[in-house]
Amino acid sequence: MKENEFVVIPATEEHTNYADQICDEMAESAKARGTGIARRTPDYIVKKMLEGKAVIALHNDGTWAGFCYIETWSHGAFVANSGLIVNPQYRNRGLAKLIKRAVFDLSRLKYPEAKIFGLTTGLPVMKINSELGYEPVTYSMLTQDEDFWKGCQSCVNYDILMMKERKNCMCTAMLWDPEEKAKEIEQKMKEAEEQKQQLNEERISKVTRKQTLLERIEEKLRNSLKMIAALSITLVKLLQN
């Protein structure tokens with residue numbers, strides 16, 4: 001990817017003319033994978049843009065390059081970054097990672113207390129999610145909102161999902177939990193403080209040992225000087241006699 005080749009920004013009304021192209025590419029991509037979310041209509045994509053719940057990537061020549069949007073579940077307790085798509089002519093150039101980072105940041109901005117999750121069979125997406133801090137989880141840790149699971153009905157693996165009572169399927173579930181991340185940060189800060197305190201104690205211990213050593217050397221010097229002084233006095237007396 002060339003520097004400044006793409007711009008990834010929140011989608012707005014001025015980008016609604018890309019909705020048809022985005023939907024067509026989403027459908028083609030899902031067909032090629034044999035899995036995917038329910039087909040979205042251009043009106044749905046436009047709605048996400050107007051709500052400020054989507055990001056779009058544009059090539060510096062104005063060509064549409066990629067897209068992703070936000071969906072909320074369980075009254076905003078869960079957020080999913082859905083519909084990630086990259087224009088075929090711009091794939092394998094690191095653009096998906098930029099889009100995922102942008103929509104993740106937008107999700108955190110709009111829903112700071114929500115758990116962000118995803119279901120995917122794609123290894124590249126799993127890798128990107130891992131880099132963002134997502135962790136693999138069981139399906140039971142995801143939203144139990146029925147509307148979300150209805151979105152799986154168009155997937156070829158839907159029968160497997162239902163046969164396993166929505167406990168697992170071909171997709172890997174990944175979750176970013178703000179409470180858990182806050183605990184991790186708190187723990188890391190605590191460990192850093194403990195390490196800092198340990199280093200300070202070690203430094204103080206070294207200084208103390210050095211001071212003790214100097215004191216012992218000074219004591220020996222004083223004793224040596226006293227002995228020399230005593231010998232000198234004795235020598236003078238002998239010479240006087």
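Predicted model: local features only at pLDDT ≥ 70, side-chain atom pairs only at ≥ 80, totals over all residues.
The protein chain contains seven helices and seven strands. Read from the N terminus, the elements follow the order β-α-α-β-β-β-α-β-α-β-α-α-β-α. The radius of gyration is 33 Å, well over the 18 Å that the globule rule gives for 241 residues, so the chain is more spread out than a compact globule. The C-alpha trace spans about 120 × 50 × 30 Å along its principal axes. Of the 241 residues, 35% count as buried. The accessible surface of the chain is about 15600 Å², and carbon and sulfur atoms account for 55% of it. Among contacts between residues at least 6 apart in sequence, 67% join residues at least 24 apart.

The seven strands form an open sheet with mixed pairing, in the order β1-β2-β3-β4-β5-β7-β6. Strands β1 (6-10) and β6 (135-136) stand at the edges; each has a single partner strand, so one side of each is left without a neighbour in the sheet.

Within the sheet, strand β2 (residues 54-59) runs antiparallel to strand β3 (residues 64-73), and five bridges join the two. Ala57 has Gly66 in β3 as its bridge partner. Helix α2 (residues 42-50) packs on the sheet, where it touches β2 and β3. The direction of α2 makes about 80 degrees with that of β3. Helix α3 also packs on the sheet, and its contacts are with β1, β2, β3, β4, β5 and β7. The direction of α3 makes about 155 degrees with that of β4.

Strand β3 also pairs with β4, in the antiparallel sense and over seven bridges.

On passing from β4 to β5, the pairing is parallel: three bridges join β4 (residues 78-86) to β5 (residues 115-120). Here Val79 stands opposite Ile116 in β5. Together with helix α3 (residues 95-110), the strands β4 and β5 make a right-handed β-α-β unit. Strand β5 pairs in turn with strand β7 (residues 172-176), in the antiparallel sense and over five bridges. Leu119 has Ala173 in β7 as its bridge partner.

Pro10 is placed in strand β1. Leaving aside neighbours within four places in sequence, Pro10 is in contact with His15, Ala54 and Val55. The C-alpha atoms of Pro10 and Lys188 are separated by 32 Å, and the two residues are 178 residues apart along the chain.

Glu135 lies in strand β6. This residue is partly exposed as well, with a relative accessible area of 40%. Not counting residues up to four places away in sequence, Glu135 touches Ala173, Met174, Leu175, Lys181 and Glu184. Among these contacts, Ala173 is also the bridge partner of Leu119. Leu175 is 40 residues from Glu135 along the chain, and the C-alpha atoms of the pair are separated by 5.3 Å.

Technical notes:
Residues numbered from 1 in each chain as written. Heavy atoms only, no water. Pairing = 2+ DSSP bridges. Helix = DSSP H or I, 4+ residues; strand = E, 2+ residues; numbered from the N terminus. Right-handed = clockwise from strand over helix to strand, strands pointing away. Contact = heavy atoms within 4.5 Å. Axes fitted to C-alpha atoms, helices over the stretch in contact; angles between N-to-C directions. Rg over C-alpha atoms; globule rule 2.2 N^0.38 Å. Buried < 20%, exposed > 50% of the residue type's maximum accessible area, 1.4 Å probe, protein only. Areas by Shrake-Rupley, 256 points an atom, 1.4 Å probe, with all protein chains shown as cover.
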